[in-house]
Amino acid sequence: MEKKIFWLLFTVLGALMGVLLPLWWNLALTLPLLVFCWWVVYRSGWFN
């Protein structure tokens, strides 16, 4: 279940970021977005 939440969150935020930000900002912020989604799903304890 956590894996589905992670990919859903990453996809939704990535798509939103792709619409709102220019291409270079989108590319630069992809890795921090990945880390943020990982933290929210696995480390924050919100989904336990």
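**View 1. Overview of the protein chain and its three helices.** The protein chain holds three helices and zero strands, where helices (H or I, at least four residues) and strands (E, at least two) are DSSP runs numbered from the N terminus. From the N terminus on, the order of elements is α-α-α, and the C-alpha trace spans about 35 × 15 × 10 Å along its principal axes. Because the model is predicted, local features need pLDDT of at least 70 and side-chain atom pairs count only at pLDDT 80 or more, whereas totals for chains, interfaces and linings use all residues. Residues are numbered from 1 along each chain as its sequence is written, and side-chain values use heavy atoms, with hydrogens and water left out.

**View 2. The packing of α1 against α3.** The two helices pack at an angle of about 145°, with their axes 9 Å apart; axes are lines fitted to C-alpha atoms, for helices over the stretch in contact, and angles run from 0 to 180 degrees between N-to-C directions. The contact (heavy atoms within 4.5 Å) is made by E2, K3, I5, F6, L9, F10, L13, G14 and M17 of α1 and by T30, L33, L34, F36, C37, W38, V40, V41 and Y42 of α3. By class, this contact of α1 with α3 has 14 nonpolar, two polar and two charged residues, with Ala, Val, Leu, Ile, Met, Phe, Trp, Tyr, Cys and Pro counted as nonpolar, Asp, Glu, Lys and Arg as charged, and the others, Gly among them, as polar.

**View 3. The largest nonpolar core.** Six residues, F6, F10, M17, L33, C37 and V41, make up this core, a nonpolar core being a set of buried Ala, Val, Leu, Ile, Met, Phe, Trp, Tyr and Cys residues joined through side-chain atoms within 4.5 Å. The elements giving two or more residues to the core are α1 (2-20) and α3 (30-43). Of the 48 residues of the protein chain, 17% count as buried, that is, under 20% relative accessible area, against over 50% for exposed and in between for partly exposed (1.4 Å probe, protein chains only).

View 4. F10 counts as buried because its relative accessibility is 18%. Leaving aside neighbours within four places in sequence, F10 is in contact with T30, L33, L34 and C37. The C-alpha atoms of F10 and W38, which lie 28 residues apart along the chain, are separated by 8.8 Å.
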